[in-house]
Amino acid sequence: MTLQQLKYVIEVAKSRSINKAAQTLFISQPSLSNALSELEAEVGITIFFRSNKGITITPEGSEFLGYARQVVEQSELLEKRYMKTRSTQQHFSVSTQHYAFAVSAFVRLLKEYDRDEFDFTLRETKTYEIIDDVKNLRSEIGVLYVNEFNQKVIKKFLREGNLQFHELFTAEPHVFISSTNPLAKKEYVTLADMEPYPYLSYEQGDYNSFYFSEEILSTLSRPKNIRVTDRATLFNLLIGLDGYTISTGVISHKLNSKDIISVPLKVDERINVGYITHKHVTHSTLANIYIQYLKESIQEELNQL
């Protein structure tokens with residue numbers, strides 16, 4: 001087993017394609033395939049399952065990748081400390097539902113990360129894709145919520161993917177609306193109050209079921225519905241159409257206009273927001289820092305509610 005083979009495995013897992021990984025590594029596809037086969041034979045496990053649809057990481061492969069990342073990371077630290085080589089490019093990825101505090105923490109991480117080179121990814125994406133990204137090691141951290149309605153289904157997917165849910169905070173539901181909305185001055189609103197206004201939610205693609213909805217109370221019927229894919233569009237429609245969406249009430253005015261406000265929604269529900277990680281992967285230093293910044297960003301916004 002060589003350090004180079006470990007780097008090959010990590011790149012294949014990141015690319016989700018042996019062909020793409022070979023291009024990135026500047027080696028031929030047959031050479032990469034042979035190197036992977038030799039490594040699998042040596043360690044006695046199948047790391048990747050290959051099919052005509054691409055590759056998937058086996059459970060044994062996920063555990064192996066966790067150790068491989070640690071070895072490569074430590075090797076890079078040794079090189080930087082003792083070999084006086086050019087600093088290596090660090091990688092870090094987060095997949096999240098559309099939460100401003102997740103972006104705030106990511107911004108802070110980037111501002112305070114004092115390196116000449118890095119390759120970071122922040123994906124505001126669909127609920128199922130967050131789970132899939134962390135399961136298949138495309139992201140170290142995933143940020144999402146569970147509640148009484150969806151937790152049985154969501155946690156089933158987490159168990160099957162060898163993932164863990166770590167609670168960050170429990171929120172009472174709020175609606176996000178425009179500051180010019182006729183309901184903006186109310187102490188709280190009810191579902192009946194919101195009925196005349198367009199309801200905005202995030203589209204979930206092939207997994208557009210009630211259980212994967214980014215908003216609670218997804219089974220309710222509403223006369224006016226608009227689905228979007230990104231937060232900027234949703235906020236623009238909140239302002240332009242006097243629409244509303246249901247969320248935690250935690251909103252960052254550093255990143256978002258003060259034209260959007262949150263108002264408590266009077267319902268007997270709770271939203272448990274947390275982050276997910278892979279059971280067989282030890283957190284990188286960057287992941288630990290991001291989690292800490294995540295907690296601090298949330299607390300800062302909660303203090304302003």
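Because the model is predicted, local features are reported only at pLDDT of at least 70 and side-chain atom pairs only at pLDDT 80 or more, whereas totals for chains, interfaces and linings use all residues. Residues are numbered from 1 along each chain as its sequence is written, and side-chain values use heavy atoms, with hydrogens and water left out.

Helices (H or I, at least four residues) and strands (E, at least two) are DSSP runs numbered from the N terminus, and two strands are taken to pair if DSSP finds at least two bridges between them. On this basis, 5 strands form an open sheet of mixed pairing in the order E4-E3-E5-E12-E6. E4 and E6 stand at the edges with a single partner strand each, so one side of each is left without a neighbour in the sheet. The twist from one strand to the next averages 20°, angles running from 0 to 180 degrees between N-to-C directions of axes, which are lines fitted to C-alpha atoms, for helices over the stretch in contact.

E3 and E4 are parallel and share 7 bridges, with Phe120 in E4 as the bridge partner of Phe92. E12 runs antiparallel to E5, to which 5 bridges join it, and Tyr275 in E12 is the bridge partner of Val143. E12 is also antiparallel to E6, through 8 bridges, among them one that pairs Thr170 with Asn272 of E12. In E12, 8 of 8 residues are buried (under 20% relative accessible area, with exposed over 50% and partly exposed in between, for a 1.4 Å probe and protein chains only). Ile271, Val273, Tyr275 and Thr277 lie on one side of E12, and Asn272, Gly274, Ile276 and His278 on the other.

Helix H10 (residues 285-302) has 18 residues and reaches 26 Å from its first C-alpha to its last, close to the 26 Å expected, the expected span being 1.5 Å times one less than the number of residues. Its buried residues include Leu286, Tyr290, Leu294 and Ile298, and their cover includes helix H5 (100-112) and strands E3, E4, E5, E6 and E12, where contact means heavy atoms within 4.5 Å.

The axes of helix H2 (residues 18-25) and helix H3 (residues 29-43) come within 9 Å and cross at roughly 105°. H2 is therefore roughly perpendicular to H3, a term applied to angles of 65 to 115 degrees.

Note on methods. Angles under 35 degrees count as roughly parallel, over 145 as roughly antiparallel, 65 to 115 as roughly perpendicular and the rest as oblique.
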